[in-house]
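Student: Could you take me closely through one part of this model, and then connect it with what surrounds it?

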Amino acid sequence: MDTMNIVFCTDTNYIMPSSVLIKSISLNNKDKLVDFYAVIDESVTEKDMNILECELEHNSKHKINFLRVNGDAYQNMPNLGVSKEKAKKGKITATHTTKACYYRLSLADLMPETVDKVLYFDCDTVILQNLTKLWNTDLEGKAVAAAIDEGELDMNYDQLGFSSEYGYFNSGVMIIDLAYWRKHNMFEKFLRIIKEHEGRMRQHDQEILNIAFYNNVKRIPMKYNFQEDYFKRPEKISNFYAKYSKEIEDSLRDITILHYTAYKPWYKECGQPMKDCFFDYLKRTAWKKYRPVWKNKDLAFNISIYRMLTKLGIKRSQYRKSRSIK
């Protein structure tokens, strides 16, 4: 049986969502041989690793391997520790970037040479269905496969250095041709891109990957990377909806992978209509007693009032009604 290779990158702060990610994959791919690869840094403890290993004990076909990196080697990557003031002034959107975001740029060197292809997932994704069809996607010679990004129409393509006709993909879910990355020494190319775009980058490694592969990416359906904006009422995303309405509607009925691209479900600020899916899997993990907290307590009162008003019908929610969502 073909083994599915799945990789994610984490530090000690993301062990809880990492647990949810691998549990959701494992439960929806019970009959598949799955090798997980967790790229971790020095912050990840033996206890953290034991927690992740225990999440897979229910299935002998699933195992996890740990690939440790030196986090200090990534401390000069773009847009780390950006203040709100600097972000606003420089139009930087990657205010939540951590070093772990950049570890995947090194995957060709970190992964065993016997592994030529991997499915990569951000730790703020939850898998709702079997992944066999996605895993078997024909890359048609492309370096990566990925879905469009919800901000595709808002990107500054002059700054990126390629035409808007290529669009912009979200790197939270990718099929990666590691053989291609190794053959073309992609990590060195990523470093050149960082140097060439110094001071002009607005996001994190997603921007680097788009610049590197804008004309070398296989598009996959958005149901494999269903993002926050796709839940919003059509008038809230009018231009995007006009372009992708059919795919949004089709995907809403068949979401395979949820990607919490705005507030994460482990924070009370999250209002995403399907945030409960995260907790459906959470309760199957070692973190079953976890309860959401406010990321920014200063927002608590205003958000609570807004939610009360929308529930009473005084305010209109930015999201579709729940019956519109599977």
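Tutor: Glycine 313, which follows helix H12, has a positive phi, near 85 degrees. Helices and strands here are DSSP runs (H or I, at least four residues, for a helix; E, at least two, for a strand), numbered from the N terminus. This is a predicted model, in which local features need pLDDT of at least 70 and side-chain atom pairs count only at pLDDT 80 or more, whereas totals for chains, interfaces and linings use all residues. Residues are numbered from 1 along each chain as its sequence is written, and side-chain values use heavy atoms, with hydrogens and water left out.

H12 itself covers residues 300–311, and its end C-alpha atoms lie 16 Å apart, which agrees with the 16 Å that its 12 residues should span at 1.5 Å a residue (1.5 Å times one less than the number of residues).

Turning to strand S1, residues 4–10, we find 7 of the 7 residues buried, so the strand is largely enclosed by the rest of the structure (buried means under 20% relative accessible area, with a 1.4 Å probe and protein chains only). Met4, Ile6, Phe8 and Thr10 are buried on one side, and Asn5, Val7 and Cys9 on the other, so that both faces are covered. In a regular strand the side chains alternate between the two faces of the sheet.

S1 runs parallel to strand S2, residues 34–40, and is joined to S2 by 7 bridges (pairing requires at least two DSSP bridges); isoleucine 6 has phenylalanine 36 in S2 as its bridge partner. S1 also runs parallel to strand S4, residues 117–121, through 2 bridges, with valine 7 opposite tyrosine 120.

Key. Buried < 20%, exposed > 50% of the residue type's maximum accessible area, 1.4 Å probe, protein only.
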